[in-house]
Amino acid sequence: MEEQLDNIPRHVAIIMDGNGRWAKKRGSIRLSGHKAGAEALLRVLNYCEKYKVQYLSVYAFSTENWSRPKAEVDGLMSLLGNFLRNREEELIEAKCRFRVMGRKEGLSESLQKLISKVEASTKGFERQLIVCLNYGGRAELLDAAKKLAEDAARGDIDPQSLTEEKFGSYLYLPDVPDPDLIIRTSGEFRLSNFLLWEAAYSELYVTPVLWPDFSEEDFLSALKDFAKRTRKFGAITEDTTNK
Ligand code: IPE
Ligand code: IPE
Ligand code: MG
């Protein structure tokens, strides 16, 4: 499937949804859907390399997902651990920087150690895989507000001089550009607390395909759709005839 595509997004973020429904359709346990979802993530990481998408962010576990049954949460956490143990070499070979975005301190110590190890061994690379783990958009904004309030109390920052750019520097990964395109699989039209600040001007793409089934063709469809969009950021375009 060789295609020349214009206007490739620099940063694609994906709400990887539908693992449970995929498993249910097969009469299987939810965890088998999550396993197949991890395979889909590896495939999409390769598509990003092929189509030159520099940043891939994926929503893997939200601050709200703790309310799922303990067995499912434990299963998801151990899948993440396996991913880090088994794929570190592959990430290094693919020259891909691995980063976790979210409240890392809420994860188990062993998972935190693994994350730090892989983050350190891939640190120098320009391409990035950002896994949003124990992540919530509101939690991120709240954490930023807390740090900001501490700095203000210390006299390090004058709240009146605060700008959007300065506030952005208090978010989890301030050096990462906002996502150009956010894809949600499995047909749900909502953000579910994903990247609330960063998504302000992202293009949204929803597909009914369940995440474990997400293919190169589906990824290409999203890229092609994105290429056709006119991003206006609140301004007007030169050609206003049909926009
Ligand atoms: C997404 O799949 C993965 C996580 C939220 C961890 P779901 O588990 O939400 O799958 P559905 O929505 O139940 O099909
Ligand atoms: C969003 O999916 C979170 C992740 C993909 C990790 P959910 O399945 O948790 O979202 P809701 O419950 O449908 O909003
Ligand atoms: Mg879901």
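**A residue in a helix, and the sheet**

Modeller: Helix α4, which covers residues 109-121, is where S121 is found. The model is predicted, and every value below is computed from it. If neighbours within four places in sequence are left aside, S121 is in contact with E88 and I92. A further pair to look at is S121 and F98: they lie 23 residues apart in sequence, while their C-alpha atoms are 8.7 Å apart in space.

Strand β3 spans residues 96-101, and β3 belongs to an open sheet of 6 strands. The order across this sheet is β3-β4-β2-β1-β5-β6, and the pairing is parallel. β3 and β6 (203-206) stand at the edges; each has a single partner strand, so one side of each is left without a neighbour in the sheet. On average, neighbouring strands are turned by 20° against each other, with direction ignored.

One pairing in this sheet can be followed in detail. Strand β2, residues 55-62, pairs with strand β4, residues 127-135, in the parallel sense over 7 bridges. For F61, the bridge partner in β4 is L133.

Another helix belongs in the picture. Helix α7 (residues 216-228) lies across β1 (11-15), β5 (181-184) and β6. The angle between α7 and β5 is about 140°.

Methods. Residues are numbered from 1 along each chain as its sequence is written. Chains are lettered from A and ligands numbered from 1 in the order in which they are written. This is a predicted model: local features need pLDDT of at least 70, side-chain atom pairs count only at pLDDT 80 or more; totals for chains, interfaces and linings use all residues. Side-chain values use heavy atoms; hydrogens and water are left out. Two strands pair if DSSP finds at least two bridges between them. Helices (H or I, at least four residues) and strands (E, at least two) are DSSP runs, numbered from the N terminus. Axes are lines fitted to C-alpha atoms, for helices over the stretch in contact, and angles run from 0 to 180 degrees between N-to-C directions. Contact means heavy atoms within 4.5 Å.
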